[in-house]
Amino acid sequence: MENMFSLKGKIALVTGAGHGIGFAMAKALAEAGATIVFNTSRQESVDNAIEEYAKLGINATGYVCDVTDEKAVQNMIADIEKKIGVIDILVNNAGIIKRIPMHEMEVSEFKQVIDVDLTAPFIMSKAVIPSMIKNGGGKIINICSMMSELGRETVSAYASAKGGLKMLTKNIASEYGEYNIQCNGIGPGYIATSQTAPLREIQPDGSRHPFDKFIISKTPAGKWGSPQDLAGPVVFLASKASDFVNGHILYVDGGILAYIGKQPK
Ligand code: NAP
Ligand code: GCO
């Protein structure tokens, strides 16, 4: 059974794995035996992350690459294949959010979120699939969201992107399953990272942020998740253990999607 989850001999590329959820998933994949490659859009975050990986005994290779730039992505993948080898596991993790009421959002802001959160996973997947086919198969894991299923105020672009990413996941699964490529999604709930830090800020009177309290009431587990909560799910979806799981979105949300919410006292 241990071998089912082993990633020994596999090469994993995790986008946006400079910190947060991506870093935690890359760490887990390394602990399962994978060789780790990652990218962010800034040299500073690549350099910092390489140091942090090294402290954990992980010899990660980092690239500065904007995932929305197809030429840069193609160059990065070619360089990885030349220097390290064919990518067995792609985790499309890089993502941004803009919290703006839709009627106040510029089209350019909407498009920017779509570009990073939806078009980039298309660009990244398109770049790795040909070699995965030649190599006999592979794993593509798209990091979706509660907003792949639910909406809320101010996140129209993000929800549109993450909803589309759910369907892109199902379509890649449909189109490439015959080549032994499994494409699945992970839908994290509310996770304590820099992306959600504004939603957890302590208020001037020292109280918790209203949204923080709201999420606690909507989560049966009664807490925010941590990036480490994604470790097991990503290793499962990257390993042989999930070879007949395809087109599935695995929600790691503490039960939010199952729960109507705690009755206000
Ligand atoms: P984060 O802390 O903001 O990290 C996002 C990462 O993406 C950073 O490393 C960032 O690196 C990178 N990135 C952003 N734009 C990029 C681009 N154009 N090219 C390359 N890299 C880029 O976010 P997180 O909370 O860890 O979230 C990671 C993923 O999980 C995202 O897709 C997010 O939507 C999703 N998610 C998060 C939560 C949550 O509650 N936190 C829940 C569900 C889903 P640089 O800025 O250094 O380039
Ligand atoms: C928000 C949050 C969420 C989380 C996550 C939930 O503003 O509602 O940022 O979008 O990041 O995507 O799964």
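Helices (H or I, at least four residues) and strands (E, at least two) are DSSP runs, numbered from the N terminus.

Before I go on, a word on the ground rules. This is a predicted model, where local features need pLDDT of at least 70, side-chain atom pairs count only at pLDDT 80 or more, and totals for chains, interfaces and linings use all residues. Residues are numbered from 1 along each chain as its sequence is written, chains are lettered from A and ligands numbered from 1 in the order in which they are written, and side-chain values use heavy atoms, with hydrogens and water left out.

Let's take the whole chain. How many helices and strands does the protein chain have? There are seven helices and seven strands. Following the sequence, their order reads β-α-β-α-β-α-β-α-β-α-β-α-α-β.

Now the overall dimensions. The C-alpha atoms fill a box of roughly 55 × 45 × 40 Å along the principal axes. The radius of gyration is taken over C-alpha atoms, and the globule rule is 2.2 Å times the number of residues to the power 0.38. For 265 residues a compact globule would have a radius near 18 Å, and the protein chain agrees, because its own value is 18 Å.

What share of the residues is buried? Of the 265 residues, 48% count as buried, where buried means under 20% relative accessible area, exposed over 50%, and partly exposed in between (1.4 Å probe, protein chains only). The protein chain exposes about 12800 Å², with carbon and sulfur atoms supplying 54% of that area. Accessible areas come from the Shrake-Rupley method with a 1.4 Å probe, and for residues only the protein chains shown count as cover.

Contacts come next, and contact means heavy atoms within 4.5 Å. Among contacts between residues at least 6 apart in sequence, 73% join residues at least 24 apart.

Ser 45 counts as buried because its relative accessibility is 8%. Thr 40 sits in strand E2, residues 35-40, and it is buried too, since its relative accessibility is 9%. The two side chains make a polar contact at 2.5 Å. By polar contact I mean a pair of N or O atoms within 3.5 Å; within protein, one must be able to donate a hydrogen and the other to accept it, and residues adjacent in sequence count only if both atoms are side-chain atoms. A polar atom of the Thr 40 side chain also lies 3.0 Å from the backbone oxygen of Arg 42. Setting aside neighbours within four places in sequence, Ser 45 is in contact with Gly 18 and Thr 40. With that same exclusion, Thr 40 has contacts including Gly 16, Gly 18, Val 46 and Tyr 63.

Strand E2 also holds Val 37. Val 37 is buried, as its relative accessible area is 0%. Not counting residues up to four places away, Val 37 touches several residues, among them Ile 11, Leu 13, Tyr 63 and Ile 80. Thr 15 is 22 residues from Val 37 in sequence, and their C-alpha atoms are 8.5 Å apart.

Where does Met 76 lie? Met 76 is in helix H3, residues 70-83. Met 76 counts as buried because its relative accessibility is 4%. Outside the four places on either side, Met 76 touches Leu 13, Asn 39, Tyr 63, Cys 65 and Met 124.

Cys 144 belongs to the loop between E5 and H5. Cys 144 is buried, since its relative accessible area is 2%. Lys 162 is 18 residues away along the chain, yet the two C-alpha atoms are separated by 5.4 Å.

Last topic: backbone angles. Most residues other than glycine have a negative phi. Thr 154 is not a glycine, but it has a positive phi of about 75°. Thr 154 is in the loop between strand E5 (138-143) and helix H5 (156-176), and counts as partly exposed because its relative accessible area is 24%. Asn 180 has a positive phi as well, near 65°. Asn 180 is found in the loop between H5 and strand E6 (181-188), and is partly exposed, since its relative accessibility is 38%.
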